[in-house]
Amino acid sequence: MPAPSNDAGARPGRRRLLALAALVPLAALLPGCTLLKQSVVDVASFGAWPAGRRAGTYAFDRLPSQQADAAAQQQLEQAAAQALERVGFVAVATPAQADVLVQLDSRFSRVLSPFADPWPGPFAPVRRAPPPPDRRIHGSVVIGTGVGFGAGFGWQDVHERQQLLMLLVDRASRERLVEIRIEHEARHTSLDLLPLMFEAGLQGFPDLPAGTRRVTIQLP
């Protein structure tokens, strides 16, 4: 009589091994998923917060041109307020009551991606001029034999750039204490990122690093 087969008893074990093997590629994707929830902003700080001075009270100081679009300016101020209060500033009702006046500005633009085609046009392959210094060369190589015909097309990759400015001014002396510039560039940007950008700009307050730096933010 033939010996009984062990396949039946081994099947559950094989199933478990197969299931674990299927999970390995998914686990490899987890760090990538985390990176997709992050972005980088460029921050530049000028000036220095006075040593030993507390954050104190603040109020926003609008320029005459910013009075015309009060709704957009209020949205910008609400985003900045979250970051200011996170580092210890306290809002007051009027500028006359504030220790510090905060001036804000924002600019939005669309720019070519650094990876966009540096030589656009139908005769781009025959051009010999070098690409602009802020552009990167990219392309492809095809190797083969035979005779054939091919055609292709492309488009310029456009990114969105959001730039913010925050200026902290001593109300009594009108001395400009600190200037902070914040910039975020991506394929798509959003107004939801404004609070995160201001937080990145004030990161480390009152000891703001001088010069430019890159700050990683967690996307919502």
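User: Why is R62 called partly exposed?

Analyst: R62 has a relative accessible area of 25%, and partly exposed is the class between buried, which means under 20%, and exposed, which means over 50%, with a 1.4 Å probe and protein chains only; R62 therefore counts as partly exposed. This is a predicted model, in which local features need pLDDT of at least 70 and side-chain atom pairs count only at pLDDT 80 or more, while totals for chains, interfaces and linings use all residues. Residues are numbered from 1 along each chain as its sequence is written, and side-chain values use heavy atoms, with hydrogens and water left out.

User: What makes E77 and R62 a salt bridge?

Analyst: The term asks for a side-chain nitrogen of Lys or Arg within 4 Å of a carboxyl oxygen of Asp or Glu, and the closest N and O atoms of E77 and R62 are 2.8 Å apart, so the pair qualifies. Because E77 lies in helix α2 and R62 in the loop between β2 and α2, the pair ties together parts that are 15 residues apart in sequence.

User: Is E77 buried or exposed?

Analyst: E77 counts as buried, because its relative accessibility is 10%.

User: How do you know that R181 and E179 form a salt bridge?

Analyst: Their closest N and O atoms are 2.7 Å apart. R181, at 43% relative accessibility, counts as partly exposed, and E179, with a relative accessible area of 22%, is partly exposed as well.

Terms used: Helices (H or I, at least four residues) and strands (E, at least two) are DSSP runs, numbered from the N terminus.
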